[in-house]
Structures are given as C-alpha cells and as structure tokens.
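The following questions and answers examine the arrangement of secondary structure and the confidence of a model.

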Amino acid sequence: MKRIMTIDDSPSMRQMVAMTLESAGYEVVEACDGNDAIAKLDGQEFHLFLSDINMPGIDGIELTRKLRSLEDYKFVPIVLLTTESQPEKKTQGKAAGATGWIVKPFQPNDLLNVVKRVIR
Amino acid sequence: MPVANKLTPERIREICERLLAEQDALKTFSASLEQEFLDLGSLLRKIASLSRELQQQSDDVRSVTVGAPLGCPMDFAFKLLDEAKEVARINHNQYTQVVSTFEGFRAELASIARDRDALLAAFARIHLGNERFRLEAAYLDAAPRNQLYALADAGTEILKTLQTKVALRFEELGALLWKVGALSARFNENLAARAKSTEERLRSDQADLTALNDALLRSQSFVSINLRGRLNIAGSVRKAIVALQCQDITRQKIEHISSGVQEIVSHLDVGTSRKLTKEEDADCKHYLGDAGKVQLAQLRATFEQLFDAARQVKESLAQVSAETQAGEHLSPQSSKHLLENQVFARGLESLTLVFGLMESAISDWQEVTALTKALQLTFTDCTSDLTALAYQLGAIQGISQTLTNSIQDRPGLRMVIKEQRTLLDDATNRILAIAPCALALVSGIPNLEEQLQETIRRSRSEWAELNLKVNASKVQLERMREQLKARVVSIRPLEQNLANAVEVAENRIRFPQAVAEISSRSLALFEKIVSDYQTDSEGVPQPQPHGKVRELKRHYTMAGEHVVHDESMGSESAIQDKATEGSITLFEDEPEAAAPGAVATAEEEPLADNVELF
C-alpha cells in the first residue's frame, strides 16, 4: 500500500485530504506542520508528500528544500496544496524541488488523479 | 459634515477599539468553526465508508447472481432443460419407430392368418377327394381295391396330422397376433399420452425456471438501482468534501482581514493622542473610507463562502438521505423475491420430475423385448412345422403317382387322382408361400431385439448423465440463493446505519447561525465606517483610492482576495481569473534528474485547471 504524508496546520483540511486518499486505498500519515513532518519521517518509506505552504515554523517551501536534501526522500514527489496562487510563490516552490501545485479547494477526483500520476 | 464623522481623538480611539474588538470576535468565531467542521468531517467519513460497504454488498449480489467461474447458475439450469427436451425428443422418435415396426409385424401376421383359412379349405378338398377316391376304388377287384384303400387311409392319416398341426400353429399365431395387436395399441396410446405429459411437464418446467429467473432478475435490477444510488451518494460526498475545505480557507481570509484591521488601526494611531491636522484628517478619512470598503467586501465574500458551504453540505446530505431512503425501499423488495420459497422450490422440482416419465418408457422397452423373444420362438416352430408339412404333401404326391401308373383302365379313378394331385400341389404351394414370410419375420426379430437393448442402454446412460447435471444444478441454485439471502439481509442494517449517520450530520450543522450573527455585526460596523468616510469633507466621493490601501494586498495569498480588493476599489483586477481557486499544476520538466519526483508517463487523464506539474 502506498503511503502518503499530508502536512497542514488545519486539522479539517488534513481530514479532508486523508478521507479522499484513504477512500482510494492509500495509507495516510498526518503532520500539523513542517517540524512535525520531519519528526514523523522516522526512516519510513513515503510515496508522496502533500503539503500546505503557510504553516507555523517551517513553511511548505522550506520543508520541500529539507526533504530534497534528505537521501531517502530526494526523489519522492512533493505536491504543494495551498491557497497561494501567485506566480512568484509557484516559482519558489518549483525551484525548491516541488513536483506540483494544487490550489485549494481541491476536487477529490482531481487530487486522486494527480496522486496517481505522480506516484510510481 | 456630520459630527459623527469628525475624527477627534476620542472618535478615533472609539473606532480603533471597535475594530480591535471585531478583530477578536472574528478570530474567536473562526476558531469556533474548527470543531464543528471536524465533527462534520468525521460524520462524512462514516457516511462514505458505509456507502462503500453498501456498494460492495451490491456488487457481491450481482456477482453471485451472474456467477463465476461456473457461469450463471440460471443459464446452466436452462441449458439443462434444453438437453432434457432433446433427449425426450429422441426417445419419442425411437418409441415411434418401435411402434411402427410392431405395426408391420401385426400386418404380416394378419396376412399369414388369412392364408390359414385358404390352406384349411384346401385340406378339406383333399379329404373330399380321398372319399371320392375310395368310391371309385370300390369298383375294383379286392387286391387292387385293398391296396388303394390302404393308400387312401395313409393319405387321410397324414392329412389329419397336418390339419391338427396347422390348426395348432395358426392358433398360436393367432394368439401372438392378438398380443402384438394389444401391445401395439397400448404403445400407441402410451406414445400419445407420454408425448403429451412430457410436453406439458417440460412446458411447466420452463415456466417454473423462467419464474425463478424473473425473480432473480428483479432482485438484480433492485440491486442495480441501489448501486446507482450508491454512486450518487459518492458524488454527494465529494461535493461535501469540497465545501468543508472552506473552514481552512475562510480562516486564512479572516486572518488576512484581521491583519488589515491592524493596518487600519496603525494608520489611525497618529490621531489617538492628539488632534489631527487638516491634511492628516483628510488622509485618515480617505483611508478609513477605502480600507473600510475593502474590508467590507472581503468580509462579505468570506461570509458568503461560509453560507455557500453550509448550503452545499446540507444539499449533499439531503441527496444522501434521499438515496438512502430509496434504497431502504428497494432492499425489502429484493429480499421478497429472493425468499419466495415457492418459486425457488418449483424451479428445483421442475428439473427432476421429467425423469419419472422417461423411466416408465424404459420399462415399456423391456416388455417389448420379452414379447419379441416369444415371437421368435413361435415363428421358429411354425417354420419347422410348415417345412415338415410340405415334405409330407410331397410323399402323398409320390403315392398318387404310383397309383396313377397302376390304374390305366379306370378313367374315373384316374381323374380323381389327377384332381387330388392338383389339390396337393395347391396346398404345397400355399405352405411354401407362408414359410418364407414367417422366416423373414423370425430373422428380423434379433435385429429388433438388439435395437431395443441398445435404445434402453443409451436412454439409461443419457438420463443418468442428465441426472448428475441436475444434481449439480440444484446445488448451484441452492448455493446462489443462500448467498443472495445473506447479502440482501446484510444490506438492511447498513442502510439503517447510513440513514442514522446522515440524520446526525444534518443535525450537527449549526455554524450558519453563528455566521449570521457575526456577519450582521461585522458588516454593520464596516458599513457604518464606509458610510461615514467614503466622501471627503465637502461630501464628494474620493476620485482615487488611497495609496496605502494597496498595502492591504500584502496580506493576501489568494487570487480571490485580490479580485475582491480591486473590485471594491472600482478597478479591474490584475488577476483575471478568480477561478484559480481549485487549480492544479504539475510542473512539466526535463527527466527525473532535474525534477525530482516528476511524473513518468504522459498517457494519463488531462489535469484540471488548478494543477501544474513542475
């Protein structure tokens, strides 16, 4: 079973993401911010990171850079799920190593489509 | 200018206090939404899970009915019925053939029986001829007369023996003829009756199996309707998921509005402790009016988004409720048809009763076989006797020839003897004509017996094979029925749980009331500010937006916020497409070394507008 980590400081948003992904058979690990995400890596295999950007502590773009610096997670897809839509932010995300960008709110089928596309 | 509009330090302090109080209220309100949305999310999760389980059960019902890997049990049962019809048809044809053969026997026997009368008449004439012979011989001298009497006596004895034997044989043949006739008549009667009962039986079997199949199809169609309902539920759940995301989105918007409030308060700070200069006064009023407009617009949009979310969630739950109620109505009907014992039992019974008819047909064949053996024996004896008879008539012919030679001078006697010889020839020819017919009948019997045995053997084998298949079919149908019953029974509590979960969720939605309360207060505050300060001291609307209002934009993260801001300032938004909310981008790039985690294949569905691949 493919494992996905969802990182968002909003519990209700994490809940909606987890519900959508679990209904399609994915295992979901929730983290409430960037630091929590790093702590929960624990050497486990993850097939995708789905992260908000605007979070307390380490934001999503910084988290992306950190994950890309880790040997085990260097090539794992990272999709940023955010309310941000500005081109500059998007460029920052791409430069940090993100795989994709989803502007909230997401449609469940669209999210699953993206996940299916990026996960190998 | 109205007194209320004057920006005295007191007034500015009052405005700032009210703004900060509203800021706190908005934050409190925003935080309070979280638990309700989490609860709604949990209930939605439960609804989705129950719906998936129901879908699985419905799929199971369909797969049990259609059947795998053996194929549909009903199809198997119908095919079996077709096979039974074919075997019954073949049996019927074979039966008809045997009846036809026996009819042939009977016709031949009747023909032989008719020959008997003519033969006996011929013997009678020979007897008469013998008497005339005696009369003519009486005129002779003693020695030749006695010789002739002795010959006549010998001939009479032979004839008597022949007459007795012929009578006996023809009596046996007559009895046989009667038996064959009776058997043939009974076969004919049985053939017609059996054909009729078999046809009726098979027609009834067809009707029973069709009734069972119809019942299953009705159950299937209810399940299919249920399944469509489940799919509709899934769609409703997806809508609700989108709506519930607004808690996070509106929380951020409220944070940005709060930041905007802070900006306003900061801008007005200069006037809280001293009287403003004329320029400062104009500036603050201008700023208040424009910032107020922006904040008012942002608040309206945010509250509208929350009201809209409540509407969507309620609609989704109402749809789920409607589908669930429709399903609740259908499941009992589905059960009713499946549990219709009479239909099911008759369906099973129909597969076996036709065998009874065929078994009695096989016992008829055995009776026929016994009769053919008796026929064979009788014809064999008859043929031997007829051959002996012909030989004895030849002996009489020889005697009469000797006599003819010795009575040259007795024309009367010679004529009698000549006539006798003619009669003897006739009798001999008649006997010789009967013999081959009887022989042909006799020689045909072993073939018939062999055919009958073969027919019996094959019928038994075919019906035995069908019987095995029937037992297998019954097992399949029983199993299918039990599985269906179990599935349909298990669906009902799931439907009830689903209905309960929907009701709880519908009752849990309370936030629209909280939104209404806070929106009326917040909007009233900013409407007052806008109303008081949207014009200058002379009461003329400001021609251009205040320069600092633009700085409110640095708090925005969403395209929609920019659009609302620009529209409230009466300018065209630089962000053309407010509908970037929900867009997806997967960053298309060079191979994976340059873009970690980049997608491998390109044959997938097209991405939504809010998706970009890097």
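Q: How many bridges join β1(A) to β2(A)?
A: In this predicted model, β1(A) and β2(A) run parallel. Within this pair, A:Met5 stands opposite A:Val29 in β2(A). Strands of a sheet pair through backbone hydrogen bonds, either parallel or antiparallel. The number of bridges joining β1(A) to β2(A) is five.

Q: Which strands form the edges of the open sheet?
A: The sheet is open and has seven strands, in the order β2(A)-β1(A)-β3(A)-β4(A)-β5(A)-β2(B)-β1(B), with mixed pairing. An edge strand pairs on one side only, and this applies to β2 (27-31) of chain A and β1 (583-587) of chain B. From one strand to the next, the twist averages 15°. The edge strands are thus named as β2 of chain A and β1 of chain B.

Q: Are α2(A) and α3(A) roughly parallel or roughly antiparallel to each other?
A: Helix α2 (residues 34-41) of chain A packs with helix α3 (residues 60-69) of chain A at an angle of about 20°, and their axes are 10 Å apart. Angles under 35 degrees count as roughly parallel. The arrangement of α2(A) and α3(A) is therefore roughly parallel.

Q: How many residues of the contact of α2(A) with α3(A) are nonpolar?
A: The crossing of these two helices, α2(A) and α3(A), is right-handed. On the α2(A) side the residues are A:Gly34, A:Ala37, A:Ile38 and A:Leu41, which meet A:Leu63, A:Lys66 and A:Leu67 in α3(A). One residue of this contact is polar and one is charged, and the nonpolar residues number five.

Q: How many residues of the contact of α3(A) with α4(A) are charged?
A: From α3(A), the residues A:Ile61, A:Thr64, A:Arg65 and A:Arg68 meet A:Lys89, A:Gln92, A:Gly93 and A:Ala96 in α4(A). This contact of α3(A) with α4(A) holds two nonpolar and three polar residues, and the number of charged ones is three.

Q: Which peptide bond is cis, with omega near 0°?
A: Most residues other than glycine have a negative phi, and most peptide bonds are trans. The residue A:Pro105 lies in the loop between β5 (100-103) and α5 (108-118) of chain A. The cis bond runs from A:Lys104 to A:Pro105.

Q: Phi is near what value in A:Asp42?
A: The residue A:Asp42 lies in the loop between α2 and β3 of chain A. Its phi is positive although A:Asp42 is a residue other than glycine, and the value is near 50°.

Q: Which element of chain B has the lowest mean pLDDT?
A: Chain A averages a pLDDT of 94, while chain B averages 77, with 74% of its residues scoring at least 70. Over residues 589-602 of chain B, pLDDT stays under 50. Among the elements of chain B, α4 (residues 246-268) has the highest mean, 95, and the lowest, 60, belongs to helix α6 (residues 341-406).

Q: What ipTM does the predictor give the complex?
A: The pTM of the complex is 0.69. The ipTM given by the predictor is 0.96.

Methods:
Residues are numbered from 1 along each chain as its sequence is written. Chains are lettered from A and ligands numbered from 1 in the order in which they are written. This is a predicted model: local features need pLDDT of at least 70, side-chain atom pairs count only at pLDDT 80 or more; totals for chains, interfaces and linings use all residues. Side-chain values use heavy atoms; hydrogens and water are left out. Axes are lines fitted to C-alpha atoms, for helices over the stretch in contact, and angles run from 0 to 180 degrees between N-to-C directions. Helices (H or I, at least four residues) and strands (E, at least two) are DSSP runs, numbered from the N terminus. Angles under 35 degrees count as roughly parallel, over 145 as roughly antiparallel, 65 to 115 as roughly perpendicular and the rest as oblique. A crossing is left-handed if the near helix is turned anticlockwise from the far one by less than a right angle, and right-handed if clockwise. Contact means heavy atoms within 4.5 Å. Ala, Val, Leu, Ile, Met, Phe, Trp, Tyr, Cys and Pro count as nonpolar, Asp, Glu, Lys and Arg as charged, and the others, Gly among them, as polar. pLDDT is the predictor's confidence in each residue, from 0 to 100. Two strands pair if DSSP finds at least two bridges between them.
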